[in-house]
Every structure is written in structure tokens, then in C-alpha cells.
Amino acid sequence: MWASLPFTIRRRVRQLTGYGAPAAKISDKGYDVRNIREFQAGDSLRSMHIRQYIRTGQELVVEKLPERGALVLFLVDVSASTRVGAAREKKAAALELIRYLAGSFIAKSHVIKIVAFASSVEAESAVMGSANAIEAFLDDIETLKIDTKKTDPQDAIWRASEIAGRQEYPADVICIVSDFLFPVETWQRLEDLQGVADVFGLIMRDRIEESMPTVSSGIRVRDAETGATFFASGSERVRPETTLGTIDIDTCVLSTAGSEQQWYDVLYEFFAMRADRR
């Protein structure tokens, strides 16, 4: 099932080796033909179909797509706020989701790297191209002992930028799996990250977060990470997808109570939408 999940990258794939699904960006190098059309001003001469021109005199352009596989970097939130949930913990749901997605991407000849973060980078995998390697690393994350509680993704974002900008195995796609309960100053860094790679967010949300009553008065709540109690308004809920949308980062909200089939259906629509936006 997951092998058939559509996956379009909204940038040119930069890997030097491997084979995989095409990126959205048209290139005059590569082997997969996307379209044939008439030559236009500004087209590269290298993209012209020379044999067709010699035979018929038609000036046709062959639009090609890169055939190289991408490096997909997962940033997974393992902070204290992800260790709560009515159906199951958000952390457990996130790791299960990554198992499915990583398998889908590997089936398309992409490779995977995973960075787990809380208030700093807690664990980082090698570049992986096999399901066994990914499973072993996710098992390590499940048993990871984290002393800090507060969520601060800034170190993880900096590391992702570094990986995206390097010469060998640069990250083409960055998938952030989190509840996105981030400090305000984080959003500018995410916008900068979007400038160097194709970034999208998968928001893990539990039904507890949807059950706060909509009332105008204050409600006393307890911070899942620090243990501090404070009063919050019940008239509005935190919607990180709105903020992420303003910086052109696509998001998909997934329920911790969702089944594998439900997740697949939601993600199928999400990736199909991204393909249409290219």
C-alpha cells in the first residue's frame, strides 16, 4: 500500500547517484521525458530534440526530469509534549508514521536520514537505504532517555540547514514530524530552512488537544513539558498549520488515534495536493 503513495519533490534533486521518482523541477539533464513541445525563446539548445529537427525540421523541446533519488531528512520531535496522548503517545504515533513513510520513500529509491530532537539534537542516524537500518534506529529512539523537557527545535533546524547545504548527500526534502508547539522565534528559522530545501510538516495531534471547551473565560492548564500551571483562553486553539502556511510550508494534520489506512488516505490527498502545486 505505502509503496503506491504519491511523492513529488518541489525542488530539483541534487544527488549524484541513484535512481528514483522525478522531482517537480524541470531539467535539461536526465532521462525521463516529461513533455515535448515547440522551442521557445529562452530555452536551452541542449533541450532541443536534435534527431527530430534533422529528420523533419521541427524545432521541438524535450522536457526532462532528473532520475536521481533524493535524500529525505526526517526531523522528529521527541520532547516531553510528545509523550502524552489519549489514544497513544504522540511520540509513538510519530515513529510509527515514519516507519510507513520511510518504507514508501525507499520503495521509490530515495534514501533516509533521521534526526531526533527535544531541546537539542538527541540522536542522528547515518544515511539509510534499507528498512532494517531504519527500524533499528527507530528502536533506539523509542528507548532514548531524555533529561530535558522543553521543546526547542533550533539546534535541529540548524543541523538540517547544514545537511541541506553540504556537498555530499545534501538533503533534498525535510519532513518535520512534531506537534509544533515551538517558541515564537523558531518560525523565522523554519522560513530560512524552506529557502534551502523542500520542507513540509506532519502535525501529530491528539484528541485531548481537540477537546478543550470553547469558552471565553480562562481555563487553568498544566504544561506537559515544564509542569507549570497557568490560565489559557478556551476561545482559540493553537493552530501551527496556519503559521506554517504563511511561510509556504505545507502541512498535514494526523490524529494519534488514526489507523494505518486513515493515515494513508490523508497523506495520499496531501501529497497529491503538493504535486498540483508544483
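Mentor: In helix 4, Q154, I157, A160 and S161 meet T186, R189, L190 and L193 of helix 5, where a contact means heavy atoms within 4.5 Å. The residues of this contact divide into four nonpolar, three polar and one charged. Ala, Val, Leu, Ile, Met, Phe, Trp, Tyr, Cys and Pro count as nonpolar, Asp, Glu, Lys and Arg as charged, and the others, Gly among them, as polar.

Trainee: What kind of model is this, and how is it numbered?
Mentor: This is a predicted model, in which local features need pLDDT of at least 70 and side-chain atom pairs count only at pLDDT 80 or more, while totals for chains, interfaces and linings use all residues. Residues are numbered from 1 along each chain as its sequence is written, and side-chain values use heavy atoms, with hydrogens and water left out.

Trainee: Back to the pair. At what angle do helix 4 and helix 5 pack?
Mentor: Helix 4 (residues 154-165) and helix 5 (residues 186-194) pack at about 10°, and their axes are 10 Å apart. Axes are lines fitted to C-alpha atoms, for helices over the stretch in contact, and angles run from 0 to 180 degrees between N-to-C directions. The two helices are therefore roughly parallel to each other; angles under 35 degrees count as roughly parallel, over 145 as roughly antiparallel, 65 to 115 as roughly perpendicular and the rest as oblique.

Trainee: Is the crossing of helix 4 and helix 5 left-handed or right-handed?
Mentor: Helix 4 passes helix 5 in a left-handed crossing. A crossing is left-handed if the near helix is turned anticlockwise from the far one by less than a right angle, and right-handed if clockwise.

Trainee: And how do helix 2 and helix 3 pack?
Mentor: The angle between helix 2 (residues 90-107) and helix 3 (residues 131-142) is about 170°, with the axes 10 Å apart. They are therefore roughly antiparallel to each other. Helix 2 passes helix 3 in a right-handed crossing.

Trainee: Which residues of helix 2 and helix 3 meet?
Mentor: K91, L95, I98, R99, A102 and I106 come from helix 2, and A131, I134, E135, L138, D139, I141 and E142 from helix 3. That contact divides into eight nonpolar, no polar and five charged residues.

Trainee: How many helices and strands does the chain have?
Mentor: The chain has eight helices and ten strands. Helices (H or I, at least four residues) and strands (E, at least two) are DSSP runs, numbered from the N terminus.

Trainee: What share of the chain is buried?
Mentor: Buried residues make up 45% of the 278 residues. Buried means under 20% relative accessible area, exposed over 50%, and partly exposed in between, with a 1.4 Å probe and protein chains only. As for contacts with a separation of 6 or more, 72% are between residues 24 or more positions apart.

Trainee: Fine. Where does V115 lie?
Mentor: V115 is in strand 4 (residues 111-117). Its relative accessible area is 0%, so V115 is buried. Leaving out residues up to four places away in sequence, V115 touches L73, F74, L75, V76, V121, A123 and E124. The C-alpha atoms of V115 and A160 are separated by 8.4 Å, and the two are 45 residues apart along the chain.

Trainee: What about the backbone, say phi of S109?
Mentor: Phi of S109 is near 70°, a positive value in a residue other than glycine. Most residues other than glycine have a negative phi. S109 is found in the loop between helix 2 and strand 4, and counts as partly exposed at 39% relative accessibility. Y169 also has a positive phi, near 50°. Y169 is found in the loop between helix 4 and strand 6 (173-178) and counts as partly exposed at 32%.
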